[in-house]
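Here is a friendly walk through the model you have open. Keep the structure in view and follow the topics in any order you like.

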Amino acid sequence: MSNTLLDIQELTTCFSSPQGIAKAVDTVSLSLMQGETLAVVGESGCGKTVLALSILGLIPDPPGRITEGTILYKEEDLLEKSEKELRKIRGNAISMVFQEPMTALNPVFRIDNQIAEPLRLHQGFDKYEALEKSIESLALVGIPNASQVAKTYPHELSGGMRQRVMIAMALACNPEILVADEPTTALDVTIQAQILDLMNNLKARMNGSLLLITHDLGVVARMAQRVAVMYSGKIVELSSVRSIFKNPLHPYTQGLLSSTPVMGDTSRLHPIRGIVPSIFNLPKGCRFHPRCPKAYTKCSQQIPPLAELEQGHLVRCWLYD
């Protein structure tokens, strides 16, 4: 029996605008195994967050729409489920830690009421049981004086505390899959380390799986077993974390690594030139070729396929044709 919890095949998510139709996620295929942490990395604008929102059925329609592909959770296609059926899965079996807790948390409700809501909806707790369980959830994520914090409002808490509240809410129903969208953005280094350790420990305790969206390769090295590198809506490299750091194949992956500072290494950093192209004006051929130092004629003419060069190591690049 397969231990694949989530299997995404050829997923395409488009957005309509006066400028035209844009593919924010373009024929992406990924799988997430039981107990695994899979990191999705890339610069801002590469489609990482849209991929996460697509999995949970949170793409606003209009202007967004999933036009192709399948998202199989335990061999059931989430794209074929009604909104009512999705609500039974969202926050229960698959939960998400959003990138900015200050906008994800409701400013007019107390913390305990917000954590209690999924417990009442999915687990059948009554009002008082859910409020008690919300305090236990806050204590589980390392919040001191959890019973007092539960009575506060989001604006009364620090960024690190709000992030812990988001994690407590996401894990309240013991989901099998946690999707974390840059969960340590805007946190200082000390709090960032605490949040990452917390998520690792809770994942191991629940034997769950983590889809981690980040642009921080240090976080990837610390947390993940496999990593998918995204660029302009497409996966350009997919492999184990060890292989990515030891032998990066795609020029974009190589660029990300060479532009990341390493403790103790005083050599000069080499940033990737240019910026991520607009999804409304993508270059022909390989989307990275205008910024690629190794590009040649074919790169500007055709999109390379995602090919497996070594066992479990896939890359989308004409250099390996």
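In this predicted model, helices α7 and α8 (the latter residues 189-206) pack at an angle of about 10°, with their axes 11 Å apart. That makes α7 roughly parallel to α8. From this pair the briefing moves to other helix contacts, then to the nonpolar cores, and finally to some individual residues.

**Helices α7 and α8**

- The crossing in which α7 passes α8 is right-handed.
- On the α7 side, the residues in contact are Gly160, Gln163, Arg164, Ile167 and Leu171. Their partners in α8 are Ile191, Gln194, Ile195, Leu198, Met199, Leu202 and Met206.
- Sorted by class, the residues of this contact are eight nonpolar, three polar and one charged.

**Helices α4 and α7**

- Helix α7 (residues 159-171) also meets α4: the two axes come within 8 Å and cross at roughly 25°.
- An angle under 35 degrees counts as roughly parallel, and α4 and α7 are therefore roughly parallel to each other.
- The crossing of α4 and α7 is right-handed.
- Ile111, Gln114, Ile115 and Pro118 are the α4 residues here, and they meet Val165, Ala168 and Met169 in α7.
- The contact of α4 with α7 is made up of six nonpolar residues, one polar residue and no charged ones.

**Helices α4 and α5**

- How do the axes of α4 and α5 cross? Helix α4 (residues 111-123) and helix α5 (residues 127-140) have axes that come within 8 Å and cross at roughly 115°.
- The range from 65 to 115 degrees counts as roughly perpendicular, and α4 and α5 are therefore roughly perpendicular to each other.
- The crossing of α4 and α5 is right-handed.
- From α4, the contact takes in Ile111, Asp112, Asn113, Ile115, Ala116, Leu119 and Arg120. From α5 come Lys127, Ala130, Leu131, Lys133, Ser134, Ser137 and Leu138.
- By class, this contact of α4 with α5 holds seven nonpolar, three polar and four charged residues.

**Nonpolar cores**

- In soluble globular proteins, nonpolar side chains tend to be buried together.
- The largest nonpolar core here has 55 residues, and Leu30, Leu51, Ile94 and Tyr252 have the most contacts inside it.
- A second, separate core of 36 residues includes Leu119, Ile167, Leu187 and Leu196.
- Which residues does Tyr252 touch, not counting those up to four places away in sequence? They are Gly42, Glu43, Cys46, Val229, Met230, Tyr231, Val236, Ile272 and Phe288.

**Ala146 and Pro107: buried or exposed?**

- Ala146 has its place in helix α6 (residues 146-149).
- With a relative accessible area of 9%, Ala146 is buried, because buried means under 20%.
- Setting aside residues up to four places away in sequence, Ala146 touches Ile135, Leu138 and Ala139.
- Ser134 is twelve residues from Ala146 in sequence, and their C-alpha atoms are 9.0 Å apart in space.
- Pro107, by contrast, is exposed, with a relative accessible area of 54%. Its place is in the loop between α3 (101-104) and α4.
- Apart from neighbours within four places in sequence, Pro107 is in contact with Tyr153 and Pro154.
- Pro107 and Pro18 lie 89 residues apart in sequence, with 33 Å between their C-alpha atoms.

**Backbone details worth a look**

- Asp61 and Pro62 are joined by a cis peptide bond, with omega about -10°.
- The peptide bond from Pro62 to Pro63 is cis too, and here omega is near 10°.
- Pro62 lies in the loop between α1 (48-55) and β4 (64-73), and Pro63 lies in the loop between α1 and β4 as well.
- Glu10, although not a glycine, has a positive phi of about 50°. This residue sits in strand β1 (residues 4-17) and, at 42% relative accessibility, counts as partly exposed.
- Glu75 is not a glycine either, yet has a positive phi of about 70°. Its place is in the loop between β4 and β5 (76-77), and at 73% relative accessibility Glu75 counts as exposed.

Terms used. Residues are numbered from 1 along each chain as its sequence is written. This is a predicted model: local features need pLDDT of at least 70, side-chain atom pairs count only at pLDDT 80 or more; totals for chains, interfaces and linings use all residues. Side-chain values use heavy atoms; hydrogens and water are left out. Axes are lines fitted to C-alpha atoms, for helices over the stretch in contact, and angles run from 0 to 180 degrees between N-to-C directions. Helices (H or I, at least four residues) and strands (E, at least two) are DSSP runs, numbered from the N terminus. Angles under 35 degrees count as roughly parallel, over 145 as roughly antiparallel, 65 to 115 as roughly perpendicular and the rest as oblique. A crossing is left-handed if the near helix is turned anticlockwise from the far one by less than a right angle, and right-handed if clockwise. Contact means heavy atoms within 4.5 Å. Ala, Val, Leu, Ile, Met, Phe, Trp, Tyr, Cys and Pro count as nonpolar, Asp, Glu, Lys and Arg as charged, and the others, Gly among them, as polar. A nonpolar core is a set of buried Ala, Val, Leu, Ile, Met, Phe, Trp, Tyr and Cys residues joined through side-chain atoms within 4.5 Å. Buried means under 20% relative accessible area, exposed over 50%, partly exposed in between (1.4 Å probe, protein chains only).
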